[in-house]
Amino acid sequence: GKIYNEYETAVDAYEKNPNYIDKCINEVIEEIKSEKITALFIAPNEKPKVIETENELEKYQELVNGYIQCLDYGSVTIICNEEGKINHLPLNRALYDREGSLYEIIAGNMVLVSTTPMGNFDSLTQGQIELYKREFESSEQFFMIDGQLCIVRESDMINSYDDYDER
């Protein structure tokens, strides 16, 4: 009944104008390609910046200077350079799990985005922007001392200098 009639209508429309469906599909593809999303861009030794970027693979590759790697992190996805450490890019930020244990250090630029239920990149919410700007506000320095990795946050250095000045 109804399904057959809708199918018949679609077939009739296609037969009358076969380019119409292709035109509709191409319009949707162009709309998706030209869509800009709000993301957080973090370069080594810099504060996070809110950016508007095209939601395209090539743009993400440009932002991270190479092939991308995606990491789930809390409520966001971190896009970074897949070969950042191999290519000796500057270390950027340390990532910690829920228990506070270090599990990854990002080398090179990183971009934070949200994702849709279908797994596509999407704009960050205002809440996510505020949360992750705060979390990654301080740049970090990485040192090896006696075979141990030491991570010093910019905010820790500022607090140490403030304590020193008070003495």
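**Close-ups of rings and a surface patch**

**View 1. Tyr60 and Phe121 are both buried.** Here, "buried" means under 20% relative accessible area, "exposed" means over 50%, and "partly exposed" covers what lies in between (1.4 Å probe, protein chains only). This is a predicted model, so local features need pLDDT of at least 70 and side-chain atom pairs count only at pLDDT 80 or more, while totals for chains, interfaces and linings use all residues. Residues are numbered from 1 along each chain as its sequence is written, and side-chain values use heavy atoms, leaving out hydrogens and water.

View 2. Searching the whole structure turns up four aromatic pairs. Rings of Phe, Tyr and Trp (its six-membered ring) pair if their centres lie within 6.5 Å; planes under 30 degrees apart are stacked, over 60 edge-to-face, and the rest tilted. Tyr60 belongs to helix α3 (residues 57–64) and Phe121 to strand β8 (residues 121–122), 61 residues apart. Helices (H or I, at least four residues) and strands (E, at least two) are DSSP runs, numbered from the N terminus.

**View 3. Tyr73 and Phe136 make a tilted pair.** Their centres are 5.9 Å apart, with 40° between the planes. Tyr73 lies in strand β3 (residues 68–73) and Phe136 in the loop between α4 (126–135) and β9 (140–145), so the pair ties together parts 63 residues apart in sequence. Tyr73 counts as buried because its relative accessibility is 7%, and Phe136 is buried too, at 2%. Ring pairs also join Tyr73, Tyr132 and Phe136 into a cluster.

**View 4. Met144 is out in the open on strand β9.** Met144 has 59% relative accessibility, so Met144 counts as exposed.
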